[in-house]
Protein chains: 2
Amino acid sequence: MPRPIEFDRTKAVNRALSLFWRQGYQATSLADLLAAMEIGRSSFYAAFTDKRSLFIECLDLFSSRTIDLLHRSRATMPPVDALQDFFVRNFTGTTNASGHWGCLLVNTVLEMAGVDVELSARASRHLNEIQRVFQACLQDAGATPEQAEDLAAMLMLFNEGVRVSSRRRLPHAQHLHPIATTFRLIRSAIA
Amino acid sequence: MPRPIEFDRTKAVNRALSLFWRQGYQATSLADLLAAMEIGRSSFYAAFTDKRSLFIECLDLFSSRTIDLLHRSRATMPPVDALQDFFVRNFTGTTNASGHWGCLLVNTVLEMAGVDVELSARASRHLNEIQRVFQACLQDAGATPEQAEDLAAMLMLFNEGVRVSSRRRLPHAQHLHPIATTFRLIRSAIA
DNA sequence: GCCGTTATGAACCAATCGGTCCATAACGGC
DNA sequence: GCCGTTATGGACCGATTGGTTCATAACGGC
């Protein structure tokens, strides 16, 4: 009965990404993955080598998507608005269940920090790339390079906090209000 | 050969806490625990019921210790200094290896959010307790109750960020500078 | 010095983990 | 319509997982 159809690779990767995002790397078993991706073991190992390799692919995919999202926002609204939108979007999209999943990169940094240093470091590097986009936005908004670097670092710290907080199932206001406060401060700092 | 000596329970719990703190719940196997606690399987299950039960005990212990720490600082220095000290201490203690382990509560919220909701929620509740201490400190410092509540929420968001960031093995300055910036803002807000 | 209590080490357990292997069947080239 | 290629499902693998069972030996009460 082998070989009914060739499976859709990108669809499968997206399903895997969802699982890893929700449950983390360790808690996602091969059985979970195969069920969600709707493929068999052989196809899995033929196409993705490894559970770990697939995870890395998901990590990189997630990162590039996040950065694309930031770039697109930045092209359609004032730079600081784009940044604030990036923070708020996680909570306003009620239909988007991923609001409660935080950020795959932040999740991975924490989960793998004492377990698989390479994976943790890779996620950390992706966060650095995102921080550089923050910095570029702030410079667009008129901040000096040093100011932009400072504020971007602070914003990344805040970002990490928001992504943790978004997994705590607290009332939305408890997230949104501090975000508003923070961006009020940032706007006044670069004015 | 059984029964050489009765083991030191609190010492064993501390060893377990260290392991869970560094590696997380799932990555810490029973074998790891037994080796670190220097006890046998039977003693383990007789004294702690479960891996999960022991973890809960560690979670609660960590929380109460953290709160104690905050209370003691609060008794020996001005309230906002005590808060800032709480954030900085993680990075200045170079001898204390735990600086790179973040916060067990934050780690657990993230690791277990999509895996064991009870554990994640328990850690989250402990974070709420800590946030209330933040709030009390800020009120001590002269903030109005509403101001204190706002700033405490923002500070908890920042706290979560710092604990994530501390697991990324970045140069210390990259952590400390945003903390200093944030507390400058807080001080000016309640002045 | 005997004895019931109790904490221990070691053997054992089923279940699950990630990963490999192989016979099989659908496909494209001819 | 035959055939080599290739992707598939399912059986199989050793290792490790968290947890149980039980014989054994040290201890305190007497």
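Glu38(A) sits in the loop that links α2 (30-37) to α3 (41-48) of chain A. In this predicted model, Glu38(A) has a positive phi of about 55° although it is not a glycine. Around it chain A builds up from 9 helices and 0 strands, and 33 residues of chain A are in contact with 33 residues of chain B.

- Is Glu38(A) buried or exposed? Glu38(A) is exposed, because 12 other C-beta atoms lie within 10 Å and a residue with 12 or fewer counts as exposed.
- Thr49(B) belongs to the loop between α3 (41-48) and α4 (51-76) of chain B.
- Thr49(B) also counts as exposed, with 12 C-beta neighbours inside 10 Å.
- A glycine with a positive phi, near 105°, is Gly142(B), which follows α7(B).

**Overall build of chain A**

- Read from the N terminus, the elements of chain A run α-α-α-α-α-α-α-α-α.
- The C-alpha trace of chain A spans about 65 × 35 × 35 Å along its principal axes.
- Of the 191 residues in chain A, 41% are buried.
- Take the contacts in chain A between residues at least 6 apart in sequence: 60% of them join residues at least 24 apart.

- Does the length of α7(B) agree with or depart from what its residue count predicts? At 1.5 Å a residue, its 24 residues should span 34 Å, and the end C-alpha atoms are 35 Å apart, so the two agree.
- Buried residues of α7(B) include Ser120(B), Ala123(B), Ser124(B), His126(B), Leu127(B) and Ile130(B).
- Further along α7(B), Phe134(B), Gln135(B), Cys137(B) and Leu138(B) are buried too.
- An α-helix has 3.6 residues a turn, so residues three or four places apart point the same way.
- The cover over the buried residues of α7(B) includes α4, α5, α6 (104-112), α8 (145-165) and α9 (172-190) of chain B.

**Where α5 meets α7 in chain B**

- Helix α5 (residues 79-92) and helix α7 (residues 117-140) of chain B pack at an angle of about 145°, and their axes are 8 Å apart.
- On the α5(B) side, Pro79(B), Ala82(B) and Leu83(B) meet Phe134(B), Cys137(B) and Asp140(B) of α7(B).
- By class, this contact of α5(B) with α7(B) has 5 nonpolar, no polar and 1 charged residues.
- Leu83(B) of helix α5 counts as buried because it has 26 C-beta neighbours inside 10 Å, where 20 or more are needed.
- Setting aside neighbours within four places in sequence, Leu83(B) is in contact with Phe134(B) and Cys137(B).
- Leu83(B) and Phe183(B) are 100 residues apart in sequence, while their C-alpha atoms are 9.0 Å apart in space.

**Where α6 meets α7 in chain A**

- The axes of α6(A) and helix α7 (residues 117-140) of chain A come within 8 Å and cross at roughly 150°.
- The crossing of α6(A) past α7(A) is left-handed.
- From α6(A), the residues Leu105(A), Thr108(A), Val109(A) and Met112(A) take part, and those they meet in α7(A) include Leu119(A), Ser120(A), Ala123(A) and Leu127(A).
- Sorted by class, the contact of α6(A) with α7(A) has 6 nonpolar, 4 polar and no charged residues.

**How the two chains come together**

- Back at the interface, 33 residues of chain A touch 33 residues of chain B.
- On chain A, α1 (9-23), α6 (104-112), α8 (145-165) and α9 (172-190) each supply at least two residues of the side that touches chain B.
- Which helix gives the most to that side of chain A? It is α8(A), with 10 residues.
- The side of chain A that touches chain B has 14 nonpolar, 13 polar and 6 charged residues.

Note on methods: Residues numbered from 1 in each chain as written. Chains lettered and ligands numbered in written order. Predicted model: local features only at pLDDT ≥ 70, side-chain atom pairs only at ≥ 80, totals over all residues. Contact = placed C-beta atoms within 7 Å. Helix = DSSP H or I, 4+ residues; strand = E, 2+ residues; numbered from the N terminus. Nonpolar A, V, L, I, M, F, W, Y, C, P; charged D, E, K, R; others polar. Axes fitted to C-alpha atoms, helices over the stretch in contact; angles between N-to-C directions. Expected span 1.5 Å × (residues − 1). Left-handed = near helix turned anticlockwise from the far one by under 90°.
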